[in-house]
Amino acid sequence: MDHAGRLAPAGLVFLCLMDLELPLIPPTLANMATGYKPPSGEWPRSVVGRDTPDFVAQANEGWFELSREGGLFGDDREFLVTVPLHEGGNDLWWAHVRLAESWDVVGAGSSAALGSGFGEPEFTALSLAGDVVAFCYAHSAAVGSVLATGFSDLVDLRKMAEWEADYPRTRRQEKAAARRWLDATAG
């Protein structure tokens, strides 16, 4: 699969596909992490209304600032992003990427690999350390980003991971990844 070509319009430089045996949170669980309430009551977020002039640029800036300040990436601008393992497949895993000098995850990136069209992002990113998740989404009125840290301690997310690891219909790769993540973050 041409991950480099698919991610290039977003300004993401594909470095490698992460080893499937690493104890990273599975993408499906990472997608859910921001849906669980943190002890503080609210995850940090950036929301830009579609009626805002130049909403794509504003949403890009909101995602970048939230991600940088929240620890998704450092000065190297490297992080992980979900990609399909196979053409047309539903199995997702993590690609190691670097944000190029010129990038557009909400506009051109959403038209390519990170969403369903220009200004329609839907992607999840994970820090290299596996401890920060950033989810970028769109709905009819706005485009937003939400960032979660410390999610491995969320009891309900861990229960969901246990269920996913034990459910007979969960894909084998996803089952194994959920179990590895649970074991690695047990504390």
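Mentor: Gladly. Let's begin with a definition: helices and strands are DSSP runs, helices of at least four residues and strands of at least two, numbered from the N terminus. By that numbering, R77 sits in the loop between helix 3 and strand 3. Keep in mind that this is a predicted model.

Trainee: Why is R77 called buried?

Mentor: Buried means under 20% relative accessible area. R77 has a relative accessibility of 17%, so it counts as buried.

Trainee: What is noted about the phi of R77?

Mentor: Phi of R77 is positive, about 60°, although R77 is not a glycine. D54 is another case: its phi is near 55°, and D54 is a residue other than glycine too. You will find D54 in the loop between strand 2 (45-49) and helix 3 (55-70).

Trainee: Why is D54 called exposed?

Mentor: The label exposed needs a relative accessible area over 50%. D54 has 54%, so it is exposed.

Trainee: Now the whole chain. What makes the protein as compact as a globular protein of its length?

Mentor: First, the inventory: the protein has six helices and seven strands, in the order α-β-α-β-α-β-β-α-β-β-β-α-α along the sequence. Its radius of gyration is 16 Å, and the globule rule gives 16 Å for 187 residues, so the protein is as compact as a globular protein of that length. The C-alpha trace spans about 45 × 40 × 30 Å along its principal axes, and 48% of the 187 residues count as buried.

Trainee: How many of the contacts with a separation of 6 or more join residues 24 or more positions apart?

Mentor: Such pairs account for 61% of those contacts.

Trainee: How do you know that strand 4 is largely enclosed by the rest of the structure?

Mentor: Count its residues against the cut-off of under 20% for buried. Strand 4 covers residues 92-99, and six of its eight residues are buried, so strand 4 is largely enclosed.

Trainee: And what makes strand 4 a partner of strand 1 and of strand 3?

Mentor: Two strands pair if DSSP finds at least two bridges between them. Strand 1 (residues 12-17) has five bridges to strand 4, and the two run antiparallel. Strand 3 (residues 78-84) has seven bridges to strand 4, again antiparallel.

Definitions and conventions:
Residues are numbered from 1 along each chain as its sequence is written. This is a predicted model: local features need pLDDT of at least 70, side-chain atom pairs count only at pLDDT 80 or more; totals for chains, interfaces and linings use all residues. Side-chain values use heavy atoms; hydrogens and water are left out. The radius of gyration is taken over C-alpha atoms; the globule rule is 2.2 Å times the number of residues to the power 0.38. Buried means under 20% relative accessible area, exposed over 50%, partly exposed in between (1.4 Å probe, protein chains only). Contact means heavy atoms within 4.5 Å.
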